[in-house]
Amino acid sequence: MEAIMNFIQATGFYQIATGDWKVLIMMVIAFGLLYLAIVKKFEPLLLLPIAFGMLITNLPGAEMYHEILFAGGHVNWEIFGGGEITAEFLAHLKEIGVSDAVLGTVQAGQSISVGLIDVLYLGVKLGIYPCLIFMGVGAGTDFGPLIANPKTLLLGAAAQLGIFMTYVGCRISTLFDAAEASSIGIIGGADGPTAIFVTSRLAPHLLGPIAVAAYSYMALVPVIQPPIMRALTSKEERQIVMRPLRQVSKREKIIFPIMVTVFVALLVPSAGPLIACLMLGNLFKESGVVERLNKTAQNELMNIVTIFLGISVGATATATTFLSLQTIAIMLMGVVAFSFGTAGGVLLAKFMNLFLKEKINPLIGSAGVSAVPMAARVSQVEGQKANPANFLLMHAMGPNVAGVIGSAIAAGVLMALFG
């Protein structure tokens, strides 16, 4: 009987029945995200592994992810290898603000058996996965529209307004400190890997809700953006037809990633890893001499990293950290971030038209958020609704890829200020 009772007490069912009921809420949320990914096809490539990671981390007794190993914002190597948790170590974590909920999961004298997600999460914590994702993005991105029309770089920069307005809103709310507000603000860049990269450095305890918010709202770009675009533009503005872009030479496309890497890394060194990987991937594509590397970066490497990244990030959404007022605030501020980002690009395009002889269709300004190429497609769809002869996709790709660069630079600035 004793052996049977030990078995029963070791099951997750017993742990839920004896008070660990919050994990049921997290499991329901995970099921909801799986539904959105599979049935509604909302960013399924990342939302599905994120949702599954959220599910398995909240299964009582599975012991795949231990928050204490990463408490305090860094990897606690002294206990990662199976070292004993000391009272002094727990006291130090309490002093630096680690929550009682996390500290309550362990006790002095205990040692941790490292789980699968603990190992995979190192790729997030050390900044490996987001950079490799950026390499894949660069390998599949054509910077030609941006090179052909450099003015659109300004639209990409203006769309980062959402990042800084959200930062201000978070600070005014008094719910978040500067590092947390910076991490939430990056949601406005509509760039999941950048949001993960920044949050893993500035506010790792918020990684779960921020990642879920970032990818959920990225999937909702076709829903969030059109009403804002129509509200800020007249029908005549939406009907503006732009001339076809000039042909960009191969030499320009090769020089561009090299020069951008040097300039951005010197201007904002903390953004160097993201920009360097983005531009290296693009150089693979444009040089034409490493086709195997280009295909690997776009396909096999990016797919493998996407799986690890999604599961690892989803696993940080534990019941102890996700079910809080902060999570609700993050979801609400995510909408603010996307809205201001969209509005910033559109309004700057309207302002530029006051001085330009050859007018810009303001709809392409909304593509300044770096949801590539979804935001550019939204501009194309809205443009054709106003004028069926209007083809804005390639023009919108200019601010769209500029937004990728802009969000990386904004991330670097915030990390330099508050890291």
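Helix axes here are lines fitted to C-alpha atoms over the stretch in contact, and angles run from 0 to 180 degrees between N-to-C directions. Helices are DSSP runs (H or I, at least four residues), numbered from the N terminus. The model is predicted: local features need pLDDT of at least 70, side-chain atom pairs count only at pLDDT 80 or more, and totals for chains, interfaces and linings use all residues. Residues are numbered from 1 along each chain as its sequence is written, and side-chain values use heavy atoms, with hydrogens and water left out.

**Helix packing**
- The axes of α9 (residues 128–139) and α21 (residues 300–315) come within 9 Å and cross at roughly 145°.
- Contact (heavy atoms within 4.5 Å) involves Tyr 129, Leu 132, Ile 133, Met 135, Gly 136 and Val 137 of α9.
- From α21, the contact residues include Leu 301, Met 302, Val 305, Phe 308 and Leu 309.
- By class, the α9–α21 contact has 10 nonpolar, 3 polar and no charged residues. Ala, Val, Leu, Ile, Met, Phe, Trp, Tyr, Cys and Pro count as nonpolar, Asp, Glu, Lys and Arg as charged, and the others, Gly among them, as polar.

**Salt bridges**
- The whole structure has 7 salt bridges (a side-chain nitrogen of Lys or Arg within 4 Å of a carboxyl oxygen of Asp or Glu).
- One of them joins Lys 350 and Glu 237, at 2.9 Å from N to O.
- This pair links distant parts of the chain, 113 residues apart. Lys 350 sits in α23 (residues 325–352), and Glu 237 in α17 (residues 235–238).

**Backbone features**
- Val 372 and Pro 373 are joined by a cis peptide bond, with omega about -10°.
- Pro 373 lies in the loop between α23 and α24 (374–386).
- Lys 41 has a positive phi, near 60°, and is not a glycine.
- Lys 41 belongs to the loop between α3 (22–38) and α4 (44–57).

How values were computed: Helices (H or I, at least four residues) and strands (E, at least two) are DSSP runs, numbered from the N terminus.
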